[in-house]
Structure formats: structure tokens, C-alpha cells
Amino acid sequence: MGIRERLSGNESIALAMKQINPDVVAAFPITPSTEIPQYFSQFVANGKVDTEFVPVESEHSAMSACIGAQAAGARTMTATSANGLALMWEMLYIASAMKLPITLACVNRALSGPLNIHNDHSDSMGARDSGWIQIYSETNQEAYDNFIQGVRIGEHKDVQLPVMICQDGFITSHAVENIELLQDDAVKGFVGKYEPEHYLLNEKEPIAVGPLSLPSHTFEQKRQQAQSMINAKKVILDVAKDFYKLTGRQYDLFEAYKLEDAEVGIVVVNSTAGTAKAVVDELREAGIKAGLLKIRVFRPFPADEIAGALKNLKALAVMDKAESLSGVGGPLAAEIKSALYGKAHDMPVVNYIYGLGGRDVKTDDIKKVYDDLMEIMKKGSAKDTYRYLGLKE
């Protein structure tokens, strides 16, 4: 039986951590993820878990401590946002290169500058090529469920990669929603006991972790990392099947919302999907065949599956809550266009940069995107494929 509760997204992640009872949590506070280690440290202080909590002086040190702990054989977790993730940058690459399945809660926030504590996806999108699995969450329920699944995914013998579970800062991290929790023993049974094959504290197998790698080996090591990311796609789906059996909540690589017969559609990430679904429902009632694809798994990127879901649209908009500053569009649009190349070559695809620095995105904004798509569908093409939504001009 599930436990009905009302929690914020940060509380949900902290509670998932408590139920998992990891060996080590190392963290440094940064808005809007501060509450996660704050709540969890209270569980430690009150004896609810036997986790070693390591309060450090910076996020770089937090990830360094996580790397050392995980390499030693400990199940390890942390949480951060924005500039905190950026300060971890060097260590993110090291964690993935050493194939250490650390679980990180990333509460998405704009990456300075200018200094802004509100939501967009510039932090995690900037880390998209660091070798971490990235899973995104529309709601508090999804953040909780994804975090629990993320532990299983990263620790799988065919993966062994760190996992980043993302949710929107303040929008879900601080907003209270109804949520269904698992019983503690169900969570512990689902994630299982962490039993690494190779670890520093194994006296029967002395090893070095993260030594110097010269041209004779680095290429092959990177190929192994890449293969682990490729393997992760199947593991993510297998773990989702087991989670469905446990909870009745079904997850996939993405959510296709009313896409089966859609003529126009958009691609979004995280909480904007909820706003967009309301618009899709309204448009459907008006006889407009609108649809939505919500990205759940961004790394590994499910290119073939996404192309299959979108290929029959007559016009598509990709909404990026991050600006890649490439002069041609955002990071999500680049991935989607690449996935569609050769599979839906004639489909007009436009990219909207929106919501930077926490600017509100309302149903009227989403309606405008669909209105634009209807015009593009009629014309069969789009002149301007790189656009801003809600910009003061």
C-alpha cells in the first residue's frame, strides 16, 4: 500500500534518500536545492538513518568526497543547483570516467551570470556531455520516483555511471503537491544492497582508481564509457518495468501525450509539460490535433524512439529553457533536429527559447506556439526557425 502525503519536491527527494539509507551523503547548500541536504541532515541527526553525512566547504569538495566514498565502495548521494553544479564541473567528468554510480539531485536553476536564483535548465544542459545519465521530472511524484529508479539504473553492472535526477527549482522543489510514497521496506527492496565488484577498500583486490592514462589507453576507456551510456537505455526501461509492477506508475524514455494522430506538436522538459498538457486538451476540444512529447531521459538520448514518435507531425516546435549561445538554437533543439534528420526531413521544426531566469510561462504563451505551428503547417515551411518566447522587445 502506498502512503498518501503532501510534500514539496525537495522534501520528496530527501525522503527518498532516507528510505534508501545511503552510506554517504556529501553536500554544500545552494538555493533552491539547500533543503534536500538540510532535511536529510535532520534524519541523520535524529538517528533515522546511519548515513555518514559530510558537510563540506564547496560543491567541488562535495563531489570530490562523493567520488572518494563511491570509489571506496559506499553508496553515495548529493544534491546541488546552478553554480554549485558548475563548481563541480571538473569532478563531474572524473566521476563518470571512473564509472562511479553516484546519484545527484539537480534542482534546475539559472546559471550565472547575471546572478539569478530562479529556474531554467542552463545548469544541467551545460553538463549534458559530462557522461552522467540525466533524467527529468515534471512533478514531485516523478522526482521521487525517478530518484529511486536512478539508484538501480546507475548501479547496474552494465551501466556503472553516475545519475542526475533533475526537477525545476521552486516550481516543483518548493511547491507542495499530493504524492504517493512507497513503504520504507519496499524502497530498500527495490534498490537492493550495493555490492560493487571493484572498490578501494577490498583488501583482497588492491587497485588504483583514476590513475594517469596515456594515449595508449584513453581512447578505449572513453569507448567503454560510451558503451555504458548505450547500455543504460535498456536498463532504464527494465527498471521502469519493475517499478511499474511495484507501484502501478508507468515510465518510459519520454511521455507522448496525444501524439498518435497529432498534426502539430511541441517538445518540452520538466514542469512546463503540465502547462502544455492543459493547452493540448483545450485545443483538442476545439478540434485541433495538437500533441506533446515530454522528455524524461535526456542522457542517453533516445534518438530513434523520439523520431518515431514525432515523424508524422506536419509542424514541430522544440522548447528550450536554456540558451546554448550557438547562434542557431538551444541544446534540446539540436538533439531533436539531429534525431529527425533523414527520418522526417520535410517537417518544419522551429525552436523557442523561453523561461530564462525563471520568467513565467503561461498557457497563453503555449497557445501562441501552437498558433504559430498551425500557420507553419498551412504554409508548409517556416522562415524563422530560431525564436524567443515571452521576450520583452
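Me: Which residues is Val-267 in contact with, leaving aside its neighbours within four places in sequence?
Reply: In this predicted model, Val-267 is in contact (heavy atoms within 4.5 Å) with Leu-293, Ile-295, Leu-310, Leu-316, Ala-317, Val-318, Met-319, Leu-332 and Ile-336.

Me: Is Val-267 buried or exposed?
Reply: Val-267 is buried, at a relative accessible area of 0%. Buried means under 20% relative accessible area, exposed over 50%, and partly exposed in between, with a 1.4 Å probe and protein chains only.

Me: Where does Val-267 sit?
Reply: Val-267 belongs to strand S10, residues 264-269. Strands (E, at least two residues) and helices (H or I, at least four) are DSSP runs numbered from the N terminus.

Me: Thanks! Before we move on, what should I know about the numbering and the model?
Reply: Residues are numbered from 1 along each chain as its sequence is written, and side-chain values use heavy atoms, with hydrogens and water left out. The model is predicted, and local features need pLDDT of at least 70, side-chain atom pairs count only at pLDDT 80 or more, while totals for chains, interfaces and linings use all residues.

Me: New topic: what covers S2?
Reply: Strand S2 (residues 24-27) has both faces covered, with Val-24 and Ala-26 buried on one side and Val-25 and Ala-27 buried on the other.

Me: And how many bridges join S2 to S3?
Reply: Four bridges join S2 to strand S3 (residues 52-55), and the two run parallel. Strands pair if DSSP finds at least two bridges between them. Glu-52 in S3 is the bridge partner of Val-24. S2 also pairs with strand S4 (residues 76-80), again in the parallel sense, over two bridges, and there Val-25 stands opposite Met-77.

Me: Now pockets. How much space lies in the largest pocket?
Reply: About 900 Å³. A pocket is an open set of points on a 1 Å grid over the protein atoms alone, with protein on both sides within 12 Å along at least five of seven lines, and lining residues have an atom within 4 Å of a point. Points are joined across faces, edges and corners, and the volume is the space filled by probe spheres set on them.

Me: Which residues are closest to its centre?
Reply: Of the 31 lining residues, the closest to the centre of the largest pocket are Ala-97, Met-98, Lys-99, Leu-100 and Val-209.

Me: Which helix gives the largest share of that lining?
Reply: H9, with five residues. Helix H9 spans 218-247.

How values were computed. On a 1 Å grid over the protein atoms alone, a cavity is a set of points where a 1.4 Å probe fits but cannot get out, and a pocket is an open set with protein on both sides within 12 Å along at least five of seven lines; lining residues have an atom within 4 Å of a point.
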